[in-house]
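Work through the exercises below with the sequence and the model at hand. Each task is followed by a solution in steps.

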Amino acid sequence: MKININLNPEQITRLEKICNEKFKNNSETKTFHFKKLEKGIYLPTFNLINLYNTVKNPKFKDKTSIIDLGSGDGRIVFLFSLIGYYSIGVEYNEHLCRLSDNIIKPRLILEGFNVKKARFKQGDFLNEDFSDYDMIYFFPGGFNNYKELEDKLIKTMKDNSFFLVYGQKHPFEQLRPDSLWQRLAGYQEGKIMVYRK
Ligand SMILES: C[S@@+](CC[C@H](N)C(=O)[O-])C[C@H]1O[C@@H](n2cnc3c(N)ncnc32)[C@H](O)[C@@H]1O
């Protein structure tokens, strides 16, 4: 798979716009912002350009696969699919799953976005094995099972994989923040922490 880290920022902005519009116009999901769903609070990652700039760093150059833990409307999965990653999202809420897979994905494809390989799975990400992924992304809205998640990551994540978490402070005890990268990206580029095992 060819990785393209030279996306046009306008394409990313358009992707966000389509996700926002489809979310807002979908009767099943339109009230979900800040809402407590079965497994946590739903909110989308706000600034995809910021995340994109973070992963443009050469540190990520040999990475080709990602899983988004709780993929919401799917925007993270679509962004990485556009870059050329093998991308999958696991989302517990069935309405959000349908929105991403059956509504947003076809719309993006219709507009010429190369996201055919973006995949979604309905279920609990705590049941996943993370060993197939170079990157694991997580935006923990109202999540409170950090211990179980961390144990699972320590057990199944590859040694050279990165765990990217939106926000700056998380109660992990064993995962190591990548400090140099943290200085470069975590503070200057925005609110994304990068951990390794
Ligand atoms: C804050 S939103 C983030 C959405 C998306 N990752 C993004 O960044 O735009 C968190 C999502 O995780 C989902 N979620 C929380 N715990 C989960 C679990 N254990 N398994 C699957 N999905 C979960 C919620 O339903 C919600 O849609």
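**Exercise 1: a central strand**

Both faces of β5 are covered: Phe162, Leu164 and Tyr166 are buried on one side, and Phe163 and Val165 are buried on the other. The model is predicted, so local features need pLDDT of at least 70 and side-chain atom pairs count only at pLDDT 80 or more, while totals for chains, interfaces and linings use all residues. Residues are numbered from 1 along each chain as its sequence is written.

Task: state how many residues of strand β5 (residues 162–166) are buried.

Step 1. Strands (E, at least two residues) and helices (H or I, at least four) are DSSP runs numbered from the N terminus.

Step 2. Count: 5 of the 5 residues of β5 are buried, so the strand is largely enclosed by the rest of the structure.

Step 3. Relate this to the two faces: in a regular strand the side chains alternate between the two faces of the sheet.

**Exercise 2: the sheet**

Task: find which strands pair with β5, and in which sense.

Step 1. Two strands pair if DSSP finds at least two bridges between them.

Step 2. Strand β4 (residues 135–138) runs parallel to β5, with 4 bridges; here Ile136 stands opposite Phe163.

Step 3. Strand β7 (residues 192–196) runs antiparallel to β5, again with 4 bridges; Leu164 has Val194 as its bridge partner.

**Exercise 3: the core**

Task: name the residues with the most contacts inside the largest nonpolar core.

Step 1. A nonpolar core is a set of buried Ala, Val, Leu, Ile, Met, Phe, Trp, Tyr and Cys residues joined through C-beta atoms within 7 Å.

Step 2. The largest such core has 54 residues, and Leu79, Ile136 and Phe163 have the most contacts inside it. Helix α3 (residues 75–83) gives the largest share, 7 residues.

Step 3. Take Ile136: leaving out residues up to four places away in sequence, Ile136 touches Ile67, Leu69, Phe130, Met157, Ser161 and Phe163, where contact means C-beta atoms, placed from the backbone, within 7 Å.

Conventions. A residue is buried if 20 or more other C-beta atoms lie within 10 Å of its own, exposed if 12 or fewer, and partly exposed in between; C-beta atoms are placed from the backbone. Two residues are in contact if their C-beta atoms, placed from the backbone, lie within 7 Å.
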